[in-house]
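Hi everyone, thanks for coming.

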Amino acid sequence: MKFEKTLQSLAIAAMLGAPMILNAEHHKCGPKCSGYEQKCGAKCGAKCGAKCGAKCGAKIKRPHGYKAAYVSSSDNIQKGEELFNSTALSTNGMACASCHSELKAYGASFTDDFPHKVNMASNSYGVPSIYLDEMIQVCMRGPMESKILKWGSGEMNNLTVFMQEEHKRFKNQ
Ligand code: HEC
């Protein structure tokens, strides 16, 4: 438990530190290129700005014409919770729960209905207003250092419906 706590604070510290370091390296790119998308940031030349933001954003945004028709049964929610607790989703040993257990580490914006502004998505991906499923993809690519979940997959469905429950709990706490 203590170890997990340390890991969590280290990870959060690293995440909060990352944009600053990147900003120093790619200061000409502007804030939209900083953050997790190091590769995107590195590619950005002096002219990057909003263009890179859009490019990064495209990686986590719903595909064109995507129908977010998620099925929320108690079985799906339970499977979503298992995913939330699973380190298998990441490449770095983290689970969503490593940061977000007991409703921790969500921004204050988590009380708002989706889509809304989340600083991480807006700063690192140039996405000013984000849906819940897209935000899951941001945390998959960023903190989890992994690939995005397949759009329309069972995993996407189950993790999203579990996160809808987290969202309700966060609003009502
Ligand atoms: C290393 C820690 C860490 C891990 C692991 C992590 N997140 Fe996050 N997540 C954050 C932080 C920090 C924020 C707040 C970003 C902000 O407010 O700018 C956040 C924000 C969010 C939000 C948006 C809350 C809002 O303000 O609307 C959602 C939803 C979310 N995470 C889901 C997930 C899911 C699902 C996973 C696993 C796939 C995950 N996170 C993994 C750190 C993490």
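Here's one to start: leaving aside residues up to four places away in sequence, which residues does I136 touch? Take a moment to look. The neighbours are L149, L159, T160 and M163. Keep in mind that this is a predicted model.

Now, I136 also belongs to the largest nonpolar core, which has 25 residues. I136 is among the members that touch the most other members, along with A121, M135, V138, C139 and L159. Helices α4, α6, α7 and α8 each supply at least two residues of this core. The biggest giver is α7, residues 132–141, with 6 residues. As general background, nonpolar side chains tend to be buried together in soluble globular proteins.

Helix α4, residues 74–84, packs against helix α8, residues 154–172, with the axes 7 Å apart and an angle of about 95 degrees. So α4 is roughly perpendicular to α8. On the α4 side, the contact includes I77, L83 and F84, and on the α8 side you'll find L159, V161 and F162, among others. The residues of this contact divide into 6 nonpolar, 4 polar and 4 charged.

One last stop: H100, which sits in helix α5, residues 96–100. Not counting residues up to four places away in sequence, H100 touches A105 and Y106. N85 is 15 residues from H100 in sequence, and their C-alpha atoms are 9.6 Å apart.

Note on methods:
Residues numbered from 1 in each chain as written. Predicted model: local features only at pLDDT ≥ 70, side-chain atom pairs only at ≥ 80, totals over all residues. Axes fitted to C-alpha atoms, helices over the stretch in contact; angles between N-to-C directions. Helix = DSSP H or I, 4+ residues; strand = E, 2+ residues; numbered from the N terminus. Parallel < 35°, antiparallel > 145°, perpendicular 65-115°, else oblique. Contact = placed C-beta atoms within 7 Å. Nonpolar A, V, L, I, M, F, W, Y, C, P; charged D, E, K, R; others polar. Core = buried A, V, L, I, M, F, W, Y, C linked by C-beta atoms within 7 Å. Buried ≥ 20, exposed ≤ 12 C-beta atoms within 10 Å, placed from the backbone.
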